[in-house]
Amino acid sequence: MPMSVSAAAFAMHETIRTNTKGILVAVIVAVAARFLSEHYGAPTKLMPLLLGIALNFLSEDGPCKLGIKLQRAACYVLAWHFWE
């Protein structure tokens, strides 16, 4: 039985609401890594690794866990970061 429009909209709203904080963290890491690598001459692939190590605790528990674990969002953010 297909879902009604309001049930589908509610499900999409809940998915977005639960993943937004983690996706925002991933975007901030990508932007910060690009800034650090451009302004300080550090290797571009090293900065996200170091920032990821520093922010690893966010993926264990809490409101950012689901968004960080969302593999597609991480792939899109990393593809954007390394795309030049």
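**A nonpolar surface patch and the helices around it**

Leu 46, Leu 50 and Ile 53 make up a nonpolar patch on the surface, and together they have about 290 Å² of accessible area. Patches consist of residues with over 30% relative accessible area and no salt bridge, where like charges are joined within 9 Å and nonpolar side chains (Val, Leu, Ile, Met, Phe, Trp, Tyr) within 5 Å. Accessible areas come from the Shrake-Rupley method with a 1.4 Å probe, and for residues only the protein chains shown count as cover. Leu 46 lies in helix H2, which covers residues 46–54. With a relative accessible area of 37%, Leu 46 is partly exposed; buried means under 20%, exposed over 50%, and partly exposed in between (1.4 Å probe, protein chains only).

The structure is a predicted model, in which local features need pLDDT of at least 70 and side-chain atom pairs count only at pLDDT 80 or more, while totals for chains, interfaces and linings use all residues. Residues are numbered from 1 along each chain as its sequence is written, and side-chain values use heavy atoms, with hydrogens and water left out. The average pLDDT of the protein is 78, and 80% of the residues score at least 70; pLDDT is the predictor's confidence in each residue, from 0 to 100. Among the elements, H2 has the highest mean pLDDT (87), whereas helix H4 (residues 71–82) has the lowest (64).

The secondary structure consists of four helices and zero strands, and along the sequence the pattern is α-α-α-α. Helices (H or I, at least four residues) and strands (E, at least two) are DSSP runs, numbered from the N terminus. The protein has 84 residues, of which 18% count as buried. Of the contacts with a separation of 6 or more, 66% are between residues 24 or more positions apart; contact means heavy atoms within 4.5 Å.

Several residues of helix H1 were examined in turn. Val 29 is located in H1 and is buried, with a relative accessible area of 16%. When neighbours within four places in sequence are left aside, Val 29 is in contact with Pro 48, Leu 51 and Leu 55. A polar atom of the Ser 37 side chain lies 3.0 Å from the backbone oxygen of Arg 34. Beyond its neighbours within four places in sequence, Ser 37 is in contact with Ala 42, Pro 43, Thr 44 and Met 47.

Two salt bridges are found in the whole structure, a salt bridge being a side-chain nitrogen of Lys or Arg within 4 Å of a carboxyl oxygen of Asp or Glu. One of them joins Glu 14 and Arg 17, with 2.9 Å between the closest N and O atoms. Glu 14 and Arg 17 are separated by about one helical turn, because they are three residues apart in helix H1. Glu 14 is partly exposed, at 25% relative accessibility. A salt bridge also links the side chains of Arg 34 and Glu 38, at 3.9 Å from N to O. Arg 34 and Glu 38 are four residues apart in helix H1 and are therefore separated by about one helical turn. Glu 38 is exposed, with a relative accessible area of 53%.

Gly 67 is placed in helix H3 (residues 65–69). With a relative accessible area of 3%, Gly 67 is buried. Gly 67 and Asn 19 are 48 residues apart in sequence, yet their C-alpha atoms are 3.9 Å apart in space. Apart from neighbours within four places in sequence, the residues in contact with Gly 67 are Thr 18, Asn 19, Gly 22 and Ile 23.

Notes:
A polar contact is a pair of N or O atoms within 3.5 Å; within protein, one must be able to donate a hydrogen and the other to accept it, and residues adjacent in sequence count only if both atoms are side-chain atoms.
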